[in-house]
Amino acid sequence: MSVLRDYRNAPMSFLQEMAKRSPRYKHKQYKSEWNRSIIIASVEKSAEACFVEVIIISFLSEYKESVNAFIEHDPAAHSALEIILLYPGFKALRAHKRAKWFLNHNMPLVARAISQRCAHKTGIEIHPGATIGKRVCIDHGTGIVIGETTEIGDDCMIYQGVTLGGTGKDEGKRHPTLENGVMVGAGAKVLGPITIGHNAKVAAGAVVVKDVEPNATVVGIPGRVVRIDGERIDDLDQIHLPDPVMNAIMGNADKIAELEERIRKMEDKNEGI
């Protein structure tokens, strides 16, 4: 009883120290730490699984968006499988995404190798440094060249033979920027660090070296900006575009015909006198 009484009267710090030396206490402490480690590991594993799941869902969603964009813009497309397996424009855009990833992770040689292999297989050369948005479509695609600092927005349409290039050996931004919804017709050349406004149209064969306003249409060499009643035209219509040179010729022809009619009337009036 005296011993128990001594322990009861002992300081709290002494009792805590004695309890820590007990094998039972050490076992309890080890079990607590083991349970905590299991919980932490399970939480980390769960977070990692969620992160991977989000990446996979995001990738599949973006992949489906790209396929649907080709189906909407190309009436010749019969199925998604046809686009995935056989369309060079789709393959080039997917290859560019891989090349861009390697470039962003400081592996420029691998990125360039992917780009050049894609150019050899599809005839479409896209520099790994180019920035390309969502739902971009490349129709046919043979002969397309897209430079390093080119920026292409969402929902753009690019046809075969297009060049989005620079005008010299300038450093920094030296290639064009295409905003959302831009259509560039077959064989068009867009050169230099210019901006093509959203929903603008570049007609087939045009050469553009100056900024283009939104919702405008560019035709001719060099490119001249015109509008069609202030409204957009259909994305696939590259034929019914205004020709300012022909419009000027037709206007002059109408004016000449009017003047000839006035001269004829004056001559008839003089003969009557």
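**View 1. Strands β1 and β4 run side by side in the parallel sense, joined over 2 bridges.** This is a predicted model, and here we look at one pair of its strands. Within the pair, isoleucine 126 stands opposite isoleucine 146 of β4. The two strands belong to an open sheet of 5 strands, with parallel pairing and the order β1-β4-β7-β10-β13. At the edges of that sheet are β1 (125-126) and β13 (207-208), and each of them pairs on one side only.

**View 2. A second open sheet holds 4 strands, in the order β2-β5-β8-β11.** Here, too, the pairing is parallel. The edge positions are taken by β2 and β11 (195-196); each has a single partner strand, so one side of each has no neighbour in the sheet. Follow β8 to β11 and you will find parallel pairing over 2 bridges.

**View 3. Arginine 135 sits in the loop between β2 (131-132) and β3 (137-138).** For background, most residues other than glycine have a negative phi. Is arginine 135 buried, partly exposed or exposed? With a relative accessible area of 25%, arginine 135 is partly exposed.

**View 4. Histidine 140 lies in the loop between β3 and β4 (145-146).** Phi of histidine 140 is near 60°, a positive value in a residue that is not glycine. The relative accessible area of histidine 140 is 52%, so this residue counts as exposed, the class for values over 50%.

**View 5. Cysteine 137 and cysteine 156 have sulfur atoms 9.8 Å apart.** The cut-off used here asks for sulfur atoms within 2.5 Å. The closest cysteine sulfur to that of cysteine 137 belongs to cysteine 156, and at 9.8 Å it is too far for a bond. Cysteine 156, in turn, is in no disulfide, and its nearest cysteine sulfur is that of cysteine 137. A search of the whole structure finds 0 disulfides. Cysteine 137 is buried, with a relative accessible area of 1%, and cysteine 156 is buried as well, at 0%.

**View 6. Helix α5 (residues 88-104) and helix α6 (residues 108-122) have axes that come within 7 Å.** Their axes cross at roughly 170°. An angle over 145 degrees counts as roughly antiparallel, and α5 and α6 are therefore roughly antiparallel to each other. On the α5 side, the contact is made by Pro88, Lys91, Ala92, Ala95, Arg98, Ala99, Phe102 and Leu103. On the α6 side, you can pick out Pro108, Val110, Ala111, Ile114, Cys118 and Thr122. Sorted by class, the contact has 11 nonpolar, 1 polar and 2 charged residues.

**View 7. Serine 66 is a residue of helix α3 (residues 23-73).** Is serine 66 buried or exposed? Its relative accessibility is 9%, so serine 66 counts as buried, the class for values under 20%. Leaving aside residues up to four places away in sequence, serine 66 touches Phe90 and Arg94.

**View 8. Glycine 168 has its place in the loop between β7 (163-165) and β8 (177-178).** At 47% relative accessibility, glycine 168 counts as partly exposed. Look from glycine 168 to leucine 191: the two are 23 residues apart along the chain, and their C-alpha atoms are separated by 9.7 Å.

**View 9. Stepping back, the whole protein has 7 helices and 15 strands.** Of its 273 residues, 30% are buried. Among contacts with a separation of 6 or more, 32% come from residues 24 or more positions apart.

Note on methods:
Residues are numbered from 1 along each chain as its sequence is written. This is a predicted model: local features need pLDDT of at least 70, side-chain atom pairs count only at pLDDT 80 or more; totals for chains, interfaces and linings use all residues. Side-chain values use heavy atoms; hydrogens and water are left out. Buried means under 20% relative accessible area, exposed over 50%, partly exposed in between (1.4 Å probe, protein chains only). Two strands pair if DSSP finds at least two bridges between them. Axes are lines fitted to C-alpha atoms, for helices over the stretch in contact, and angles run from 0 to 180 degrees between N-to-C directions. Angles under 35 degrees count as roughly parallel, over 145 as roughly antiparallel, 65 to 115 as roughly perpendicular and the rest as oblique. Contact means heavy atoms within 4.5 Å. Ala, Val, Leu, Ile, Met, Phe, Trp, Tyr, Cys and Pro count as nonpolar, Asp, Glu, Lys and Arg as charged, and the others, Gly among them, as polar.
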